Amino acid sequence: MSTTRILLVDDSLTIREMIKSLLISAGYEVIEASDGAEALDAAKSESPDLILLDVMLPKLDGYRVCRLLKFDKNYQKIPIIMLTAKAEEQSMATGIRTGADQYLTKPVEPERLLAVVAEELAKVQA
């Protein structure tokens with residue numbers, strides 16, 4: 001069985017490093033992007049199994065990245081989990097409306113993040 005690949009998109013290197021080490025220790029392969037444009041390119045060239053996407057990003061925000069991927073039939077089946085500091089109801093609603101499968105706010109408990117990642121991956125593989 002091939003390793004599950006997760007595209008991790010966050011403009012904070014510190015956050016990427018923390019989440020990356022968590023995901024790697026859980027057995028996932030991690031591809032990184034630090035802005036929205038890079039995220040789109042990586043999603044299209046790397047074919048990740050799941051995307052962890054921050055909202056506040058340089059170049060293109062996470063909402064725009066999510067919308068562009070979810071409205072493209074080649075990528076719309078990739079689960080997108082928004083992981084952001086934007087905890088307001090309106091931000092969450094926007095995230096879901098743009099196509100996010102889940103919306104988590106930072107800081108997130110490592111166990112919760114891994115559970116949601118596993119849950120979304122299971123839905124795709126079912």
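Modeller: Start with one cut-off: buried means under 20% relative accessible area, exposed means over 50%, and partly exposed is in between. Keep in mind that this is a predicted model.

Colleague: Why is Leu60 called buried?

Modeller: Its relative accessible area is 18%. The cut-off for buried is under 20%. So Leu60 counts as buried.

Colleague: Where is Leu60 found, and which residues is it in contact with, leaving aside its neighbours within four places in sequence?

Modeller: Leu60 sits in the loop between strand 3 and helix 3. Its contacts beyond those neighbours are Gly36, Ala37, Leu40, Val65 and Leu68. Arg97 is 37 residues from Leu60 along the chain, and their C-alpha atoms are separated by 17 Å.

Colleague: What is Lys59 called, buried or exposed?

Modeller: Exposed, because its relative accessible area is 68% and exposed means over 50%. Lys59 also lies in the loop between strand 3 and helix 3.

Colleague: What makes the phi of Lys59 worth a remark?

Modeller: Most residues other than glycine have a negative phi. Lys59 is not a glycine, yet its phi is positive, about 70°. Ser47 is another case, with a positive phi of about 45° although it is not a glycine.

Colleague: Where does Ser47 lie, and why is it called partly exposed?

Modeller: Ser47 is in the loop between helix 2 and strand 3. Its relative accessible area is 48%. That falls between the 20% and 50% cut-offs, so Ser47 is partly exposed.

Colleague: On to helix 3. Which of its residues are buried?

Modeller: Gly62, Tyr63, Val65, Cys66, Leu69 and Lys70.

Colleague: How do you know which side of helix 3 they are on?

Modeller: Look at the arc they cover around the axis: only 165°, which puts them on the same side of helix 3. In general, an α-helix has 3.6 residues a turn, so residues three or four places apart point the same way.

Colleague: What do the buried residues of helix 3 pack against?

Modeller: They pack against helix 2, strand 3, strand 4, helix 4 and strand 5. At the start of helix 3, a side-chain oxygen of Asp61 comes within 3.1 Å of the backbone nitrogen of Tyr63.

Colleague: Which residues of helix 4 are buried, and how do you know how they are arranged?

Modeller: Ser91, Thr94 and Gly95 are buried. Down the axis of helix 4 they fall within an arc of 100°, so they line one face. The face turned away from that buried side carries the exposed residues Glu89, Gln90 and Arg97. The buried residues of helix 4 pack against helix 3, strand 4 and strand 5.

Colleague: What about Thr98, buried or exposed?

Modeller: Buried, because its relative accessible area is 3% and the cut-off is under 20%. Thr98 is in the loop between helix 4 and strand 5. Its side chain reaches the backbone oxygen of Gly95 at 2.9 Å. Residues up to four places away aside, Thr98 touches Tyr63, Cys66, Arg67, Lys70 and Met82.

Colleague: Now the largest pocket. What lines it?

Modeller: Ile15, Met18, Ile19, Leu22, Leu83, Lys106, Pro107, Val108, Pro110 and Leu113. Helix 1 gives the largest share, four residues. The volume of this pocket is about 190 Å³.

Colleague: How many of its lining residues are nonpolar, polar and charged?

Modeller: Nine are nonpolar, none is polar and one is charged. Lys is classed as charged, so Lys106 is the charged one in the lining.

Colleague: What kind of peptide bond joins Lys106 and Pro107?

Modeller: A cis bond, with omega about -5°. Most peptide bonds are trans. Pro107 is in the loop between strand 5 and helix 5.

Terms used. Residues are numbered from 1 along each chain as its sequence is written. This is a predicted model: local features need pLDDT of at least 70, side-chain atom pairs count only at pLDDT 80 or more; totals for chains, interfaces and linings use all residues. Side-chain values use heavy atoms; hydrogens and water are left out. On a 1 Å grid over the protein atoms alone, a cavity is a set of points where a 1.4 Å probe fits but cannot get out, and a pocket is an open set with protein on both sides within 12 Å along at least five of seven lines; lining residues have an atom within 4 Å of a point. Grid points are joined across faces, edges and corners, and a volume is the space filled by probe spheres set on the points. Helices (H or I, at least four residues) and strands (E, at least two) are DSSP runs, numbered from the N terminus. Buried means under 20% relative accessible area, exposed over 50%, partly exposed in between (1.4 Å probe, protein chains only). The arc is that of the directions from the helix axis to the C-beta atoms. Contact means heavy atoms within 4.5 Å. A polar contact is a pair of N or O atoms within 3.5 Å; within protein, one must be able to donate a hydrogen and the other to accept it, and residues adjacent in sequence count only if both atoms are side-chain atoms.
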